[in-house]
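I opened the notebook to look up a few places in this structure. The entries below follow the order in which I checked them.

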Amino acid sequence: MMDIVINDITHRYDQTDVLENVSFELKSGEIVCIIGPSGCGKSTLLRFIGGLERPTSGQVLIAGEPPAGSLNPLTYIFQDFALLPWRTVEGNVSLVLEDHGIRGRKAEAIIEDVLRRTKLLDFRTALPRQLSGGMKQRVAIARALSVNPAVMLMDEPLSALDSQTRELLLDDLVELWARERFSACYVTHNLAEAVRLGHKIIVLSRRPGRIRQVVEIDMPLGERANRLAELEETQRHLWNLMRDEARAADMELSDVA
Ligand SMILES: Nc1ncnc2c1ncn2[C@@H]1O[C@H](COP(=O)(O)OP(=O)(O)OP(=O)(O)O)[C@@H](O)[C@H]1O
């Protein structure tokens, strides 16, 4: 069980204030979504949580232990899948295991396990170019699961997909969560995704990103697909919070261009 405490993070790059006094908790078994207008610091925040960069002030505190045998407690999943085109599905998964010195029988067992959990067993020898976008992202998810992460750090993982594929993968993620109760910090522009997946939704203001509101949703994840009408109200509330900020951020970006 591993919880993450984001404690009063403030950050600036050169002249740019990016984040201001951001604090929240990511509890084990919870999906926390982060939404906010373009450029408000969502990806930056995720990099701090993953330890890729350090904030100007504030800390990311880790409480508890990652699961036994976790090779990489904080594991990213990106929008662009980041698969090696010349490696098969299983070859792409085995690559991260090789990075951790895991080969042979042990690697095969892990690969088989994660491909089963992501319903990719029949595609193990396929190359990325033979796969749809949705399947590629499933491979990326399988690869992330193979290191037995404590928390998955997901940066717009479904944004490159068309809306039907996105819907299918949302279902997959919900099903996976129902089985495994993984923890995730999930950055998205898509409010519909946030209300389908988030136990907690952190709404950031435009840059410098400050927390405007933390919206908690009690409805079990597994029921949400069938109770969209009830979620619509929350989604509208989120959009009301975001609209002015998004519009202002939009104007700012068009000035620069
Ligand atoms: N390495 C860096 N050096 C300087 N500025 C940076 C760096 N990385 C990000 N920024 C700036 O910090 C701000 C926040 O960027 P970030 O990518 O975290 O925002 P975001 O909310 O994820 O944006 P989007 O929703 O468009 O992906 C932006 O103004 C960006 O230009």
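**Entry 1: arginine 143.** Leaving aside its neighbours within four places in sequence, which residues is arginine 143 in contact with? I worked from a predicted model. I found contacts with Asn92, Val93 and Val96. Arginine 143 and valine 96 are 47 residues apart along the chain, yet I read 7.2 Å between their C-alpha atoms. I placed arginine 143 in helix H4. Arginine 143 has 24 other C-beta atoms within 10 Å, and therefore I noted it as buried.

**Entry 2: helix H4.** I then looked at the helix itself. H4 has 14 residues, and from first C-alpha to last it reaches 20 Å, close to the 20 Å expected at 1.5 Å a residue. How many of the residues of H4 are buried? I got 12 of the 14, so H4 is largely enclosed by the rest of the structure. Among the buried ones I listed Met135, Lys136, Gln137 and Arg138. The buried residues of H4 pack against strand E5 (74–78), helix H2 (89–99), helix H3 (104–117), strand E6 (151–155) and H5. After H4 comes asparagine 148, and I noted its positive phi, near 55°.

**Entry 3: helix H5.** H5 was on the list of packing partners, and I went there next. H5 runs over residues 163–180; its 18 residues should span 26 Å at 1.5 Å a residue, and its end C-alpha atoms are 25 Å apart, which agrees. Which residues of H5 are buried? I wrote down Arg166, Leu169, Leu170 and Leu173. Seen down the axis of H5, the buried residues fall within an arc of 110°, so they line one face of the helix. The buried residues of H5 pack against helix H4 (133–146) and helix H6 (191–197). Arginine 181 follows H5, and its phi is positive, near 50°.

**Entry 4: the ligand.** What surrounds the ligand? My list includes Tyr13, Thr16, Val18, Lys42, Ser43, Thr44 and Arg207. I sorted the shell into 3 nonpolar, 7 polar and 2 charged residues. Strand E2 (16–26) and helix H1 (42–49) each supply at least two residues of this shell. The largest share, 3 residues, comes from H1.

**Entry 5: helix H1.** I stayed with H1 and looked up its buried residues, which are Lys42, Leu45, Leu46, Phe48 and Ile49. They cover an arc of only 155° around the axis, which puts them on the same side of H1. Glycine 51 follows H1, with a positive phi near 80°.

**Entry 6: aspartate 14.** Is aspartate 14 buried or exposed? I counted it as exposed because it has 4 C-beta neighbours inside 10 Å. I found aspartate 14 in the loop between strand E1 (2–13) and E2. Aspartate 14 and valine 187 are 173 residues apart in sequence, and I read 24 Å between them in space, C-alpha to C-alpha.

**Entry 7: the record.** Last, I checked the annotation. An unreviewed UniProt entry gives "domain: ABC transporter" for residues 4–231. In the model this span is 35% helix and 26% strand, and its end C-alpha atoms lie 27 Å apart.

Technical notes. Residues are numbered from 1 along each chain as its sequence is written. This is a predicted model: local features need pLDDT of at least 70, side-chain atom pairs count only at pLDDT 80 or more; totals for chains, interfaces and linings use all residues. Helices (H or I, at least four residues) and strands (E, at least two) are DSSP runs, numbered from the N terminus. The expected span of a helix is 1.5 Å times one less than its number of residues. A residue is buried if 20 or more other C-beta atoms lie within 10 Å of its own, exposed if 12 or fewer, and partly exposed in between; C-beta atoms are placed from the backbone. The arc is that of the directions from the helix axis to the C-beta atoms. Two residues are in contact if their C-beta atoms, placed from the backbone, lie within 7 Å. UniProt positions are given in the numbering used here, feature names are shortened, and annotations may be inferred rather than shown by experiment. A residue is near a molecule or strand if its C-beta atom, placed from the backbone, lies within 6 Å of it. Ala, Val, Leu, Ile, Met, Phe, Trp, Tyr, Cys and Pro count as nonpolar, Asp, Glu, Lys and Arg as charged, and the others, Gly among them, as polar.
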